[in-house]
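Have the structure open while you read, and take the points in order.

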Amino acid sequence: MQLPALFGEPVQSLGFEEESYALGFNWIAGLDEVGRGPLAGPVVAAAVILPRGFFSSDIKDSKLLTAGQREKLAEVIREQAVSLGIGIVEVEEIDRLNILKASFLAMVKACQGLQPAADCILIDGNQMIPRELFGPVKTFGGSMPRQKAIVKGDQLCLSIAAASILAKVTRDAMMVELDRIYPDYGFASHKGYGCAAHLEALRRFGPSPVHRRSFQPVRDACCESIGLETGLLFPER
Amino acid sequence: MSKIRQLFGKDGERLAERYLQQKGYKLIERNYRCRGGEVDLIVLDRKVIVFVEVKTRSDHRFGTPLEAVETRKQQKMIQAAQFFLNEKGLHNREARFDVVGISWLGQKPAVEHIENAFELG
């Protein structure tokens, strides 16, 4: 058994996958989502089923990798995966649902893209997807998949790390695309996160069509444009 | 759905918003709803509050987008506008109603914008 290094990043292992195989599950998917925090752009989830026993020490939490490393690893994952699914929930829906529900929905969509359907889902974090979001059970091969939430899953579980890389690469590419259409905000560099330059552009130009108007800093920018006190415009949300 | 339509949103509303923003308008709210009324977009043309109806058509068989904003829809917009202005204490601000029409002719969107498309009440 490989022990986690005392210093530095935690070591990936296949422990969670093997535990699930031992319980009799056959199609075990890692699931992660990216884009809960940004003020603009979609929330993106990825689900990945890796071949049993597949291991790569390069695949780790997407946040520990450079953009270039992520791109290369995404290629490896796409080649090696038994199956993968991407789920995208757009800004309009984020504003309508709220970001938590929207990110769960993205996860469900990612799972629905898997062929074969996963019978066991390993999810990053401490929350499981509410069952009602899964919709008709038949889209999942006749039964609800087992869900297991793993805190720091993107660092501890290879399938989740792989999903985190795919989700991140997919969303980043979308933000670069959105930057071409809405060039005033710097989406290509900050990917929609609320850094100082982004907030400044938001104040100057107001929100773009792809800003999340259910998010406080975006609402504040709207208020400022129209000349209302912050918080007065859409307090009901 | 083609890529360009995906990027601009299913209903072309993002396209309408981008068009207005490029004209220098600021986006305030979309799909504003209240009892008795709704309005697709609320934007700001300098100081003027503009309530916008977005109309999308994929062809002109049933009339152009601008002909499609019929009276009942206008009434609903006016209701929503009045509610919005009162609720936010903005009733003494200048406001107007515009219509933005999006036509999809094949892959190419065409945008038409009519300022002061109709009058209040």
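Predicted model: local features only at pLDDT ≥ 70, side-chain atom pairs only at ≥ 80, totals over all residues.

**Notes on the sheet and the core**

1. Chain B has an open sheet of 5 strands in the order 1-2-3-4-5, and the pairing is mixed. Strand 1 (26–34) and strand 5 (108–118) of chain B are the edges, each pairing on one side only. On average, neighbouring strands in this sheet are turned by 30° against each other, direction ignored.

2. Now look at how strand 1 of chain B meets strand 2 (residues 37–45) of chain B: the two run antiparallel and are joined by 7 bridges. To pick out a bridge pair, find Lys26(B), whose partner in strand 2 of chain B is Leu44(B).

3. What lies across the strands? Helix 2 (residues 13–22) of chain B lies across strand 1, strand 2, strand 3 (48–57), strand 4 (95–105) and strand 5 of chain B, at about 65° to strand 5 of chain B.

4. Next, the largest nonpolar core, with 92 residues; Ala29(A), Leu31(A), Ala47(A), Val48(A) and Leu166(A) touch the most other members. Helix 6 (residues 158–181) of chain A gives the most to this core, 12 residues. Domain 1 (15–179) and domain 2 (183–226) of chain A each supply at least three residues to this core.

5. Which residues does Leu166(A) touch, leaving aside those up to four places away in sequence? They are Ala46(A), Val48(A), Ala74(A), Ile77(A), Leu84(A) and Ile86(A).

Key. Residues numbered from 1 in each chain as written. Chains lettered and ligands numbered in written order. Core = buried A, V, L, I, M, F, W, Y, C linked by C-beta atoms within 7 Å. Buried ≥ 20, exposed ≤ 12 C-beta atoms within 10 Å, placed from the backbone. Helix = DSSP H or I, 4+ residues; strand = E, 2+ residues; numbered from the N terminus. Domains from an automatic or database assignment. Contact = placed C-beta atoms within 7 Å. Pairing = 2+ DSSP bridges. Axes fitted to C-alpha atoms, helices over the stretch in contact; angles between N-to-C directions.
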